[in-house]
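I opened this model to look up a few things and wrote each one down as I went. The sequence and structure come first, my entries after.

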Amino acid sequence: MIADAPVLNELNPNVAAMRPSATLAVAARAKALSRSGHDVISLSAGEPDFDTPAPIVEAAFQALRDGFTRYTANPGILELREAIAAKLQRENGLEVEPGQVLCSNGAKQSVAQAILALCRPGDEVLMPAPYWVSYPEQVRLAGAEPVAIETAAVDEYKMTPAQLDAAITPNTRLLILNSPSNPTGAVYTREEIEALVEVLHQHDYVIVLSDEIYEYVLFDAEHTTIGALPGMAERTVTVNGFSKGYAMTGWRIGYMAGPQWIVDAAAKIQSQFTSAPCSITQRAALAAVQMSKEPIEAMAVSFRERRDYMLDRVNQWPGVRCPKPEGAFYLFPDISAYFGRTASDGTEITGSEALCFYLLEQHGVALVPGQAFGSDSGVRVSYASSMDELARGADRIEAGLGALV
Ligand SMILES: Cc1ncc(COP(=O)(O)O)c(C=O)c1O
């Protein structure tokens, strides 16, 4: 054998650097337990438990009846891009032309394409932690470096302007913001966003990627689109989609809107990767943008009731601290008071993953460890479940935490 022969199974180093989702281990175990007949309550869902509203479903049937089943233009059908541009202007104060809107197979693809288009090897990408699991891995795929800005429950999991300022270096390329947030439900107020913008104005080479996918799952709070603030349009990519607000996770449709040069670069990636999203889904999304907001407001009302119930339960657990989230459908309690404790069978709770495995294996309730979101002190509790499931799930967590010594 030749000493320096090429190695068969060597991966692209950027792919090798990506970490498999830490959420998968607990989720896979939860599925396996359910399959083998165990009674598992899952509070780990990342999607609404509602059906897609009827007018959207009907538009999809109509698209099929019309034979609207061919490839569409790569960035999406013009009617949809026009409707999205009008929505962004009307609801978000963002002035964009339809040509600055790129529709993709979910907001996840939009985020990935923005990162791939913009990040150069060695670039730093800032993200407040806890962050959505895919951001750092997509950044690694681009050969850039994710930089977490730690936030804590006492600060309602919000990054301060001083933290942002301290984290920016000459290598900073992107700041990823996600308000309302997955996994914390935190929503930045307009004043808080303005204060961050003030810092950004001192560093004019930093681009913002604003992931606003939970925009419509909002309680008592105002949604602020950072790209609409003075001086930000030229340096902000706004990402949004239909999955969460319209209960359309399986349809796979999201979009980005922003500076033409970035949207064009992302469209080029999309044209060589996947082409346009599903034609039928695009027609359905068009109906979604155009329909009355009543069904989505009803979903938000229901999520709010469940948030209130779950937050009340969580804050009764001794030693647990959880700020009141203003959006999305997650709580992110700090459960680190239980680290170092032991279960009756000797299982030691070394961190969030150990706690989640313990709660799953011994108490039949599935949560997502905070470690997956870059913050080991918490766990993500999804309340996108029925009130009955929430009550039974909360009982089990309570019993599990209570049994640790
Ligand atoms: C913060 C955040 N951004 C983006 C996405 C992706 O959504 P989509 O279904 O549109 O790809 C999710 C889904 O979990 C999310 O939580």
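Is Ala142 buried or exposed? I found Ala142 buried, because 22 other C-beta atoms lie within 10 Å. (Buried means 20 or more other C-beta atoms within 10 Å of the residue's own, exposed means 12 or fewer, and partly exposed is in between; C-beta atoms are placed from the backbone.)

Two notes on ground rules. This is a predicted model, where local features need pLDDT of at least 70 and side-chain atom pairs count only at pLDDT 80 or more, while totals for chains, interfaces and linings use all residues. Residues are numbered from 1 along each chain as its sequence is written.

**Ala142, continued.** I placed Ala142 in the loop between α6 (134-141) and β4 (145-150). (Helices, H or I with at least four residues, and strands, E with at least two, are DSSP runs numbered from the N terminus.) Leaving out residues up to four places away in sequence, Ala142 touches Ile115, Leu116 and Cys119. (Contact means C-beta atoms, placed from the backbone, within 7 Å.) Cys119 is 23 residues from Ala142 in sequence, and their C-alpha atoms are 6.2 Å apart.

**Val125.** I listed its contacts, leaving aside neighbours within four places in sequence. Val125 also meets Cys119. Its other partners include Val139, Ala144, Arg173 and Ile176.

**Core.** Next I checked the largest nonpolar core, which has 115 residues. (Such a core is a set of buried Ala, Val, Leu, Ile, Met, Phe, Trp, Tyr and Cys residues joined through C-beta atoms within 7 Å.) Val125 and Ile176 are among the residues with the most contacts inside it. Helix α5 (residues 107-118) gives the most to this core, with seven residues. Domain 1 (13-50 + 295-402) and domain 2 (54-290) both contribute residues, so the core lies between them.

**Domains.** The bounds come from an automatic or database domain assignment. I read 26 Å between the C-alpha centres of domain 1 and domain 2. Across the boundary, 35 residues of domain 1 are in contact with 33 residues of domain 2. On the domain 1 side, α11 supplies the largest share, six residues. That side divides into 19 nonpolar, eight polar and eight charged residues. (Ala, Val, Leu, Ile, Met, Phe, Trp, Tyr, Cys and Pro count as nonpolar; Asp, Glu, Lys and Arg as charged; the others, Gly among them, as polar.)

**Ligand.** Which residues are closest to the ligand? I noted Gly106, Ala107, Lys108, Gly241 and Ser243, out of 13 that surround it. (The cut-off is a C-beta atom, placed from the backbone, within 6 Å of the molecule.) By class, the shell has three nonpolar, eight polar and two charged residues.

**Gly106.** I found Gly106 in the loop between β2 (101-104) and α5. Gly106 is buried, with 22 other C-beta atoms within 10 Å. Beyond four places in sequence, Gly106 touches Gly241, Ser243, Arg252, Ile253 and Gly254. Phe242 is 136 residues away along the chain, yet 7.9 Å separates the C-alpha atoms of Gly106 and Phe242.

**Sheet.** Last, I traced an open sheet of three strands, β9-β12-β11, with antiparallel pairing. (Strands pair if DSSP finds at least two bridges between them.) The edge strands, β9 (330-331) and β11 (368-369), each pair on one side only. β11 meets β12 (residues 379-382) over two bridges. Val368 has Arg380 as its bridge partner in β12.

How values were computed: Two residues are in contact if their C-beta atoms, placed from the backbone, lie within 7 Å.
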